[in-house]
Amino acid sequence: MTTVERVAAIVMLVPAAIWAGIIACFAVERVNLWSRMPTDQYVVDFRRSLRRVDPLQPILAIVSIAGSAVYATSTGGTASMFAWVGAALIVVVIVISLAVPERINAQFRRREEGEAPPNVEMLRERWRAFHLARVVPAVAALIALVLATTFAG
């Protein structure tokens, strides 16, 4: 493995692992808690969680995609294919996120803390469903990127 491939592997894997880990952690821990919280508590907790995670997630995803592209073009064969698959799956998650959850997030960010948007219960369920839908491709992306490094020659 060349120095470029090693650096690219780190740049694709570390941000992807943090990115996928956050998504999985939210699915396992936050979504479960939010479903049981009273609306007034949920509105505050959801907004605070978004404020911490929303700026970080796209940065991690883009850095990982860039590292994946460099890695894929530096390697060949199966390693390259897995790197492209991982990058494509990250793009799928970004598209899913922009389709619905990000629009919901914006409705919470635009309000004062504790102020619920209209139809908050419907938004809570819709966000939950779309978040759970992006867990599988997020974890699959990380798996593909790890596999890319195992096939490096």
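The side chains of Asp45 and Arg30 meet in a salt bridge, 2.1 Å from N to O. A salt bridge here is a side-chain nitrogen of Lys or Arg within 4 Å of a carboxyl oxygen of Asp or Glu. The pair links distant parts of the chain, with Asp45 in helix 2 (residues 39-53) and Arg30 in helix 1, 15 residues apart. Arg30 is buried, at a relative accessible area of 14%; the cut-offs are under 20% for buried, over 50% for exposed and partly exposed in between, with a 1.4 Å probe and protein chains only. Asp45 and Arg30 also belong to a salt-bridge network with Glu29.

A word on what we're looking at: this is a predicted model, in which local features need pLDDT of at least 70 and side-chain atom pairs count only at pLDDT 80 or more, while totals for chains, interfaces and linings use all residues. Residues are numbered from 1 along each chain as its sequence is written, and side-chain values use heavy atoms, leaving out hydrogens and water.

**The overall picture**

The protein has six helices and zero strands. Helices are DSSP runs of H or I with at least four residues, strands are runs of E with at least two, and both are numbered from the N terminus. The C-alpha atoms fill a box of roughly 55 × 20 × 20 Å along the principal axes. Of the 153 residues, 42% are buried. Take the contacts (heavy atoms within 4.5 Å) between residues at least 6 apart in sequence: 81% of them join residues at least 24 apart.

**Salt bridges**

The whole structure holds eight salt bridges, and here are some of them.

| Pair | N to O distance |
|---|---|
| Asp45 and Arg30 | 2.1 Å |
| Glu113 and Arg51 | 3.6 Å |
| Glu121 and Arg124 | 2.8 Å |

Glu113 and Arg51 form a salt bridge that links distant parts of the chain: Glu113 lies in the loop between helix 5 and helix 6, Arg51 in helix 2, 62 residues apart. Glu113 is partly exposed at 37% relative accessibility, whereas Arg51 is exposed at 52%.

Glu121 and Arg124 sit three residues apart in helix 6, so about one helical turn separates them. An α-helix has 3.6 residues a turn, so residues three or four places apart point the same way. Glu121 is partly exposed at 38%, while Arg124 is buried at 7%.

Arg111 counts as buried at 18% relative accessibility. Leaving aside neighbours within four places in sequence, Arg111 is in contact with Arg47, Ala116, Pro117 and Pro118.

**Back to helix 1**

How does the length of helix 1 check out? At 1.5 Å a residue, its 34 residues should span 50 Å, and the end C-alpha atoms are 49 Å apart, which agrees; the expected span is 1.5 Å times one less than the number of residues. Still, helix 1 has a kink of about 40° centred on Phe26, the bend being the angle between axes fitted to the seven residues ending there and the seven starting there.

Helix 1 (residues 3-36) also carries Glu5. Glu5 is buried yet has no salt bridge, and the nearest side chain of opposite charge, Arg6, is 6.8 Å away. For charge, Lys and Arg count as positive, Asp and Glu as negative, and His and the chain ends are not counted. The Glu5 side chain does reach the backbone nitrogen of Thr2, at 3.0 Å. Not counting residues up to four places away in sequence, Glu5 touches Tyr71, Ser74 and Thr75.

Note on methods:
Polar contact = N/O pair within 3.5 Å; in protein donor to acceptor, adjacent residues only side chain to side chain.
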